[in-house]
Amino acid sequence: MSINKDVRRVTTNTLQKMKEKGEKIAMLTAYDYSFSGIIDAAGIDVILVGDSASNVMAGHETTLPITLDQMIYHAASVVRGASRCLVVVDLPFGAYQGNSKEALISTIRIMKETGAHAVKLEGGEEALESVRRITSAGVPVMGHLGLTPQSIYKFGTYTVRAKEKAEAEKLQRDARLLEEAGCFAIVLEKIPAELAGEVSKSLHIPTIGIGAGAFCDGQVLVMHDMLGINTEFKPRFLRQYLNVNELASQAVRQYISDVKTGAFPDATEQY
Ligand code: KIV
């Protein structure tokens, strides 16, 4: 894939202007060069190299096992495929929690070894020191509130978050603090639409929702879920745009049959 150097890159500034103009932001995850190229060429604003790679690429039950080295491998592949969109990389579990110096060291590795443009980390008040330290080194940070999959063992379930008043108020406070600490955007995952709308209205920076309703400034989905590569995961918020699982399975079945019957290769497919 050739990268067009003349194409104007989406920046954090672009996203800020989109929010100000009321233009919605479209974000998808990607983990490799080929899909990154397809998604970028289709005109996506942001690619998130999510630690959901732990689930959809490596087959783990949670996002906890993926390592910083593995995230760097995925992110460098994605960056090579994308010439226009902003590429944001998840800081994986264990690469930043409770230690802002480590957060900065992990971020510097990501920025130097992948060529990505920003990092994302999960958490509110407890993540502020890391957000400040990373942004003061000149690296844009995306926050992530609501359902934070790296804390799954603390919460115990993947159900909707912040339905109760106290948790909703904490989320609103955390969002304000992340904005003040310098985040350029915040992912809101699996929270009531009304709350997400209030948070989006109260912030100057954009919110990107996943299972957080229509009032966010943008939306994100995991690519494998929206393309129907992974068909077992069917939460209410997911819109599946294609059934790649079925299409790929049909193609593979046809290939096997063609090989077994001798229909492949034919005279035009050999030298
Ligand atoms: O890892 C991921 O894919 C994410 C999105 C669900 C926002 O964090």
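1. Helices (H or I, at least four residues) and strands (E, at least two) are taken as DSSP runs and numbered from the N terminus. Pro265 falls in the segment after α11 (244-261). The peptide bond between Phe264 and Pro265 is cis, with omega about -5°.

2. The model is predicted, so local features need pLDDT of at least 70 and side-chain atom pairs count only at pLDDT 80 or more, while totals for chains, interfaces and linings use all residues. Residues are numbered from 1 along each chain as its sequence is written, and side-chain values use heavy atoms, with hydrogens and water left out.

3. The chain is split into domain 1 (12-240) and domain 2 (244-271), with bounds from an automatic or database domain assignment. Taken over C-alpha atoms, the centres of domain 1 and domain 2 are 39 Å apart.

4. Around the ligand (a heavy atom within 4 Å) are Thr29, Leu48, Gly50, Asp51, Ser52, Asp90, Lys120, His144, Val187, Ile210 and Val222. By class, this shell has four nonpolar, four polar and three charged residues; Ala, Val, Leu, Ile, Met, Phe, Trp, Tyr, Cys and Pro count as nonpolar, Asp, Glu, Lys and Arg as charged, and the others, Gly among them, as polar.

5. The protein covers 95% of the 260 Å² of accessible area that the ligand has on its own, by the Shrake-Rupley method with a 1.4 Å probe.

6. Ala162 is in the loop between α7 (152-155) and α8 (165-181). Phi of Ala162 is near 60°, a positive value in a residue other than glycine.
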